[in-house]
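Please read it alongside the sequence and the coordinates.

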Amino acid sequence: MDTIIEIQNLTKQFDGFTAVNEISFSVERGVFFGLLGPNGAGKTTTIRMLYGFIPPTRGTLRIFGMDMKVDFRRIKARIGVCQQDNTLDPDLTVEQNLRVFAGYFSMPRKEADERSRELLDFFALDHKKDAKVMELSGGMARRLILARSLINRPELLILDEPTTGLDPQSRHQVWEKLEELKETGLTVIITTHYMEEASRLCDRLVIVDHGKILVDGSPRNLIDRYAGNSIIEIEGPDRALIDYVKGQNIEHDDLGRRLILYVPENKDPVDRLRDRFCSEKCIYRNSTLEDVFLRLTGRELRE
Amino acid sequence: MIDPNAFSWRFLRVWRRNLVVYQKIWKVNFLTPLFEPLFYILAFGVGFSGLIGNVNYGGLDLSYTAFIAPALIATAVMWNSFFETTYGSFVRMYYQKTFDGMLATPLTLEEIIVAEIVWSATKSAGAATIMLAVLGLFGFVQFPAGLLLIPMAFFGGLAFGAIGMYFTGITPTIDMFNLPIFLFVTPMFLFSGTFFPVSNLPGWAQPVALVMPLYHLAELSRFFSIGTCETAPVISIGYLTVFLLFFTLLALRAMRKRLIQ
């Protein structure tokens with residue numbers, strides 16, 4: 001398999017503050033790769049270095065085997081970027097947004113027109129092609145940004161929080177489109193705050209915090225490693241229960257008013273716990289990526 | 001400091017984007033250069049002419065209206081390009097994040113900035129062309145030499161577009177453009193030999209006027225319109241060239257510092 005992204009010891013400092021600290025990872029062709037982390041963890045900074053928006057302070061950054069410092073133009077011609085902010089051009093119509101953007105890639109007029117029509121069709125925006133960007137709903141604007149990021153038939157798609165602020169319907173629609181794109185073998189790197197999104201879409205992901213990579217693996221693998229097989233949440237645990245959990249060495253987080261138990265496959269002590277302590281205040285559920293995320297990055301508010 | 005690889009003809013794609021947007025509103029934009037010279041000529045030619053005698057300029061005895069008419073083109077060049085790269089570019093950069101979107105493509109920031117400056121000069125040249133037709137009809141411009149006002153307007157537009165872009169690079173908020181307009185553009189509009197010859201200014205103020213880029217553009221404008229001027233055209237062209245290159249470099253530096261940390 002060939003490597004699409006290869007970064008080594010990538011570091012970015014702003015006025016002495018280290019936003020990204022010696023990050024290294026690589027992404028193979030066809031992989032849907034997630035970059036997760038709390039606000040301020042360095043996700044967007046990493047992403048911006050990946051598409052050549054900001055230069056790294058240190059480290060190497062190779063995409064398609066080329067050095068971003070030297071071959072930035074050839075690299076950027078082959079990637080698509082869906083930025084976090086709405087960067088659609090409000091002075092242009094929906095269709096013009098695509099056609100003018102194609103121009104930035106030096107695409108011939110005829111090809112640009114065809115590609116624009118194709119993408120409007122794929123993202124169900126045909127009926128809005130002459131609308132002003134300002135008239136679009138949040139979901140439609142997001143789809144148009146996605147469409148625009150695909151205008152140059154990229155080999156690598158970079159998505160920075162593609163579904164933030166969307167209603168559930170729009171979000172699911174975006175996911176379906178991204179899954180369709182994934183089937184075509186497109187390599188994708190995504191940042192998101194929605195663990196459900198990451199679990200559903202990503203083949204592999206890293207969780208970053210304070211500019212460092214904490215863990216790296218597939219969603220399933222990370223859940224197994226860091227959040228046990230299933231979870232028991234107990235509201236208002238009493239002393240006896242906490243002592244029992246500690247005595248049995250069951251992995252847990254004590255949040256004061258709530259106790260979270262990470263239960264491995266071996267169910268013995270848990271069954272006993274259920275019999276002895278749980279009447280109505282226990283919730284049994286499967287472990288999720290969100291449990292992994294919170295365990296690794298802590299529960300304190302950021303920013 | 002400036003990477004030569006950052007420049008390519010691709011900047012024309014950004015220029016074209018601005019043209020596509022302009023085509024939507026050209027009918028409104030068309031009216032200003034058409035009516036503005038008419039208003040000035042009416043106000044000064046009809047209203048003022050009784051109060052002011054003829055103006056002695058470059059060895060010619062000119063009616064006041066004939067004196068100011070060519071300078072109107074120079075001031076229009078200034079207003080058009082300066083406004084385009086200050087308010088226009090600031091809105092695109094800051095509020096619309098248009099540059100951010102462009103930077104996710106093979107375009108470089110340098111190309112975007114150059115395109116914005118060249119676009120502002122294009123608008124200036126367009127306005128000058130319309131004004132030229134109006135002033136030509138009144139007989140204030142001699143032809144065919146007057147046609148050179150069009151490339152001159154483009155050239156002058158580059159100079160004022162470049163300094164406008166520099167202000168955009170260093171201005172924290174859009175309201176702050178009042179400052180360069182109040183301190184730089186308006187005094188220049190009034191005191192650069194536009195509405196009266198610089199020789200009428202007190203001695204100490206004359207060198208100040210000669211440093212103003214609008215003075216040199218108004219000089220060139222008169223030279224191409226009526227064939228005479230106070231300062232040799234080669235000096236004016238030289239001065240504006242240095243001014244243009246200097247502020248383009250400053251603008252590129254300021255914008256890089258502002259947008260790419």
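## Terms and basis

Two strands pair if DSSP finds at least two bridges between them. Helices (H or I, at least four residues) and strands (E, at least two) are DSSP runs, numbered from the N terminus.

This is a predicted model, in which local features need pLDDT of at least 70 and side-chain atom pairs count only at pLDDT 80 or more, while totals for chains, interfaces and linings use all residues. Residues are numbered from 1 along each chain as its sequence is written, and chains are lettered from A and ligands numbered from 1 in the order in which they are written.

## Domains of chain A

Chain A is assigned domain 1 (3-223) and domain 2 (228-287); such bounds come from an automatic or database domain assignment. Taken over C-alpha atoms, the centres of domain 1 of chain A and domain 2 of chain A are 40 Å apart.

## The six-stranded sheet

Chain A has an open sheet of six strands in the order β6-β7-β8-β3-β9-β10, with mixed pairing. Because β6 (79-82) and β10 (212-217) of chain A are the edges, each with a single partner strand, one side of each has no neighbour in the sheet. From one strand to the next the twist averages 15° (axes are lines fitted to C-alpha atoms, for helices over the stretch in contact, and angles run from 0 to 180 degrees between N-to-C directions).

Within this order, β3 (residues 32-36) and β9 (residues 204-209) of chain A pair in the parallel sense over four bridges. A:G34 is opposite A:L205 in β9(A), and A:L35 is opposite A:V206 in β9(A). β9(A) also pairs with β10(A), in the antiparallel sense and over five bridges; here A:I207 has A:V215 in β10(A) as its bridge partner. The hairpin of β9(A) and β10(A) has two residues between the strands, and A:H210 in this hairpin takes a positive phi near 50°.

## The four-stranded sheet

A further open sheet in chain A has four strands in the order β2-β1-β4-β5, with antiparallel pairing. Its edge strands are β2 (17-28) and β5 (66-67) of chain A, each of which pairs on one side only. Strand β1 (residues 3-14) and strand β4 (residues 58-63) of chain A run antiparallel and are joined by five bridges. A:T11 has A:R58 in β4(A) as its bridge partner.

## Chain B

Chain B contains nine helices and two strands. Along the sequence the pattern is α-β-β-α-α-α-α-α-α-α-α. The C-alpha atoms of chain B fill a box of roughly 60 × 40 × 35 Å along the principal axes.

Of the 261 residues of chain B, 47% count as buried (20 or more other C-beta atoms within 10 Å of a residue's own; exposed means 12 or fewer, partly exposed in between; C-beta atoms are placed from the backbone). Among contacts in chain B with a separation of 6 or more, 78% are between residues 24 or more positions apart. Two residues are in contact if their C-beta atoms, placed from the backbone, lie within 7 Å.

## Contact between the chains

The contact takes 21 residues from chain A and 19 residues from chain B. On the side of chain A that touches chain B, α2 (68-76) and α3 (94-104) of chain A each supply at least two residues, and α3(A) gives the most, with four residues.

By class, that side of chain A has eleven nonpolar, five polar and five charged residues. Ala, Val, Leu, Ile, Met, Phe, Trp, Tyr, Cys and Pro count as nonpolar, Asp, Glu, Lys and Arg as charged, and the others, Gly among them, as polar.
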